[in-house]
Amino acid sequence: MRTIFEQGPSGAAEGIFPACDVPAQGAAAWLGRDLARSEAPRIPNVSETTVARHYTRLSKLNYGVDDGIYPLGSCTMKYNPKLNEDVAALPGFADAHPGAEEVHVQGCLEFLYELTRLLEGIAGLPGVTLQPVAGAHGELTGMFLFRKHFELRGDTGRQRILLPDSAHGTNPASAAVAGFSVTQIPSNACGTVDLEALRAELDDTVAGIMLTVPNTLGIFETDILEITRAVHDAGGLCYFDGANLNSFLGRARPGDMGADAFHFNLHKTLSTPHGGGGPGAGAVAVSERLVDLLPVPRVVKRGDRYALDWDRPKSIGSVHSFYGNVLVALKAYAYILQLGDEGLRAVSDNAVLNANYLQERLKRTYALPYDRLCKHEFVLTSEGLADGVTTLDVAKRLIDYGVHPPTVYFPLIVHEALMIEPTETESKEELDRFAEILERIAAEAREHPDRLHEAPTRAPVRRLDQTAAARNPVFTFPFEENAASAP
Ligand SMILES: *Cc1c(COP(=O)(O)O)cnc(C)c1O
């Protein structure tokens, strides 16, 4: 597909924009010479029709949750009600300036205050900050809280964070960025934390543990109470990565399981789409001992007015400008109010039901290394499918069938992993369609493996060099090399 630059001669877009009526000399003097451009921008000389068709064509190449199942494990790519987007677009919220006087944004402060209380209730913990803007940012905030907690106690020898090998990849990164060293704890044959291995590491150098709940195999830590008790007994703190809360939303509370800090991914569980690099919100809930350390400002209620409280001497400070991504928080608020207690429970009911339905069907075709009841997701392997066929082949072939592939090659403890999260918003028909396609691909792997090796053949681009795409991204149109090909 041609870029817009290749669809018309490069020039100053004569005929599209009116002629410049500012004297060039004057503009340079007014702007300052270093800001004024020395040559005309190279805008393609194309008609409005061409532009409209070009971008419409581009938009149709996209695949999103509104097109079909998007089973990207751990990412909770579910359907998010459009109503919540409408709420977030209301001008009273969308146009509010973050520097406005408190008296002029009482409505914004009120919903931030109310959402904080609702999230505290869901987590079963006494304090929540809405400031972090991603799940990983919530983890980092949690690690800063742990650090500050031990600093205030003068217990500075605690420099280690324990991490199961089934943890999400952001966990060790967050612990390391906050200055901790990371000790890996192996999983047992059931895919949960090996308690003996954990106990062997516990001493007065341990600041705490980070648990992904459920873990990246989609398995709930059945010994979670023993784990958190053991860590607390050793003087450590417990961090729960709750990015996949759709697995137990409304059914169990991290506060009751011994969590000292727990992050929500509002942009997964609570109605903002994840992925695509859009804004997120990684609200963090904390236990009593960390409440005073939460980031400032805190939204407080004084009488019937809402205010911002900066006077928290033990706070770790701010982790983001203003109050985080307020409109993402607003969507979560609208979603929670819309669903109510029953609706929130139905989210986790259906997320777990859908995942187990698919797991039971697909394990007849693809091997399931940890075969037990799963929560919101499960991890298959392509190993043993057919000689020379890899998970990458399966994923690329899915694209040929018009379906987004699952997360692949993660978690690392499963070779050739296919990590599938159907989410709660897919119908049985859509789950069956997805399973049928994966079964057809498994048959092809044995009978026509070339179809998999060559895939995708029905996508706008073939198989790309993924490393080069990530390491050497090209963000601008290379005019010089393409001068010859311009029409
Ligand atoms: C998505 C996810 C994260 C990270 O969330 P971001 O908002 O992408 O930073 C962390 N842990 C788990 C388990 C996740 O699924």
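Biologist: What volume does the largest cavity have?

Modeller: This is a predicted model, and in it the largest cavity has a volume of about 140 Å³. The structure holds three cavities of 30 Å³ or more.

Biologist: What makes such a space a cavity?

Modeller: A 1.4 Å probe fits there but cannot get out, so the space is called a cavity and not a pocket.

Biologist: Which elements supply the lining of the largest cavity?

Modeller: Helix 5 (106-123), strand 3 (127-129) and strand 10 (298-302) each supply at least two residues. Helix 5 gives the largest share, three residues. The lining includes L112, V128, R298 and Y323.

Biologist: How do the residues of that lining divide into nonpolar, polar and charged?

Modeller: Seven are nonpolar, three polar and two charged. Tyr counts as nonpolar and Arg as charged, and the lining has Y323 as well as R117 and R298.

Biologist: Why is C374 called buried?

Modeller: Buried means under 20% relative accessible area. C374 has 1% relative accessibility and therefore counts as buried. C238, at 0%, counts as buried too.

Key. Residues numbered from 1 in each chain as written. Predicted model: local features only at pLDDT ≥ 70, side-chain atom pairs only at ≥ 80, totals over all residues. Heavy atoms only, no water. 1 Å grid on protein atoms, 1.4 Å probe; cavity = no way out; pocket = protein on both sides within 12 Å on 5 of 7 lines; lining within 4 Å. Points joined across faces, edges and corners; volume = space filled by probe spheres on them. Helix = DSSP H or I, 4+ residues; strand = E, 2+ residues; numbered from the N terminus. Buried < 20%, exposed > 50% of the residue type's maximum accessible area, 1.4 Å probe, protein only.
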